[in-house]
Amino acid sequence: MANIEIDNGSGFCFGVVNAIRKAEEELAKGGTLYCLGDIVHNSREVERLERLGLVTINHEEFGRLHDAKVLLRAHGEPPETYETARRNRIEIIDATCPVVLQLQKRIKQEHNRADDPEKQIVIYGKSGHAEVLGLVGQTAGRAIVIENLEEAKQLDFHRSIRLYSQTTKSLSGFREVVDYIQAHIAPGVTFQYYDTICRQVANRIPNIREFAASHDLVFFVSGKKSSNGKMLFSECLKVNPNSHLIDSAAEIDGSLLAKARSIGVCGATSTPKWLMEEIEQALLKKM
């Protein structure tokens, strides 16, 4: 029988833990609690909290609410969300991650600074991601979002650049973008960059590489919407091609188990520990 190990370094980051704790505390008080967007990019955890009474809504539904209580998840929100809440008498339970909140403040200060009206505020992140929408909102929608090096090459290198990063992006990818801009920025304009990647997330990369490399077979447990999950799973694949992304026990391919002597179960910052334990129990039943 194969040995099964759950990665102790996987599971919720501080921001997600804080958001879920606040949701559970509010739900325990009774009454209706809404959450603007999925509280975490993991459908199983969302379903668990919805069974406790959490009601997930989108921004259109939020705009129609009045005299309600709404939780803002760890990803953060643009200023317009707070203005809507004030106008509609909505009580905000703010679970924005402190790391994201600090980044929002820095970008807003940069936007309000009148040192160089032609400067480009650039965010290295996933276009349309909840956190990135909140960051762009600090600049009245003027920030430029780049997802990779190819998009960085389309920047105007004759105008000053201020580069920030979504907190959950790859550190190596960010450094690649920095190196390219430094090599191509025109004389007479300035380039300043700020490494705003969360180290609690970034430090998981070497750990998960080591974990994945130490097993014959790896099941990476993550919701399909998770940007962090996609990034960490790609790191698993780099060191162990026999890594497989699943979001539930139903997706386990039993034919993979026959030759495995050592099986690793790991996940994203949005993956609950209870779900990884559920995967472990499902594996044991299949062996």
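Q: Is the crossing of helix 10 and helix 11 left-handed or right-handed?
A: In this predicted model, local features need pLDDT of at least 70 and side-chain atom pairs count only at pLDDT 80 or more, while totals for chains, interfaces and linings use all residues. Residues are numbered from 1 along each chain as its sequence is written, and side-chain values use heavy atoms, with hydrogens and water left out. Helices (H or I, at least four residues) and strands (E, at least two) are DSSP runs numbered from the N terminus, and a crossing counts as left-handed if the near helix is turned anticlockwise from the far one by less than a right angle, and as right-handed if clockwise. On that convention, the crossing of helix 10 and helix 11 is right-handed.

Q: At what angle do helix 10 and helix 11 pack?
A: Axes are lines fitted to C-alpha atoms, for helices over the stretch in contact, and angles run from 0 to 180 degrees between N-to-C directions. Under 35 degrees counts as roughly parallel, over 145 as roughly antiparallel, 65 to 115 as roughly perpendicular and the rest as oblique. Helix 10 (residues 204-213) and helix 11 (residues 227-239) are therefore oblique to each other; their axes are 8 Å apart, and the packing angle is about 45 degrees.

Q: How many charged residues has the contact of helix 10 with helix 11?
A: Contact here means heavy atoms within 4.5 Å, and among the residues that meet are Arg204, Ile208 and Arg209 in helix 10 and Met231, Glu235 and Lys238 in helix 11. By class, the contact of helix 10 with helix 11 has eight nonpolar residues and no polar ones, and the number of charged residues is four. Ala, Val, Leu, Ile, Met, Phe, Trp, Tyr, Cys and Pro count as nonpolar, the others, Gly among them, as polar, and the charged class is Asp, Glu, Lys and Arg. The charged residues in this contact therefore number four.

Q: Which residues in helix 12 meet Arg44, Glu45 and Arg48 in helix 2?
A: Helix 2 (residues 43-51) packs against helix 12 (residues 273-286) at about 115 degrees, with the axes 9 Å apart. That angle makes helix 2 roughly perpendicular to helix 12, and the contact has two nonpolar, no polar and four charged residues. Helix 2 passes helix 12 in a right-handed crossing, and the residues of helix 12 that meet Arg44, Glu45 and Arg48 are Trp274, Leu275 and Glu278.

Q: Which residues in helix 2 do Ile20, Glu24 and Leu27 in helix 1 meet?
A: The axes of helix 1 (residues 14-28) and helix 2 come within 11 Å and cross at roughly 20 degrees. That makes helix 1 roughly parallel to helix 2, and the contact divides into three nonpolar, no polar and three charged residues. In helix 2, the partners of Ile20, Glu24 and Leu27 are Glu45, Arg48 and Leu49.

Q: What distance has the polar contact that joins the side chains of Glu150 and Lys153?
A: Glu150 lies in helix 7 (residues 149-152). A polar contact is a pair of N or O atoms within 3.5 Å; within protein, one must be able to donate a hydrogen and the other to accept it, and residues adjacent in sequence count only if both atoms are side-chain atoms. The side chains of Glu150 and Lys153 are joined by such a contact, at 3.1 Å.
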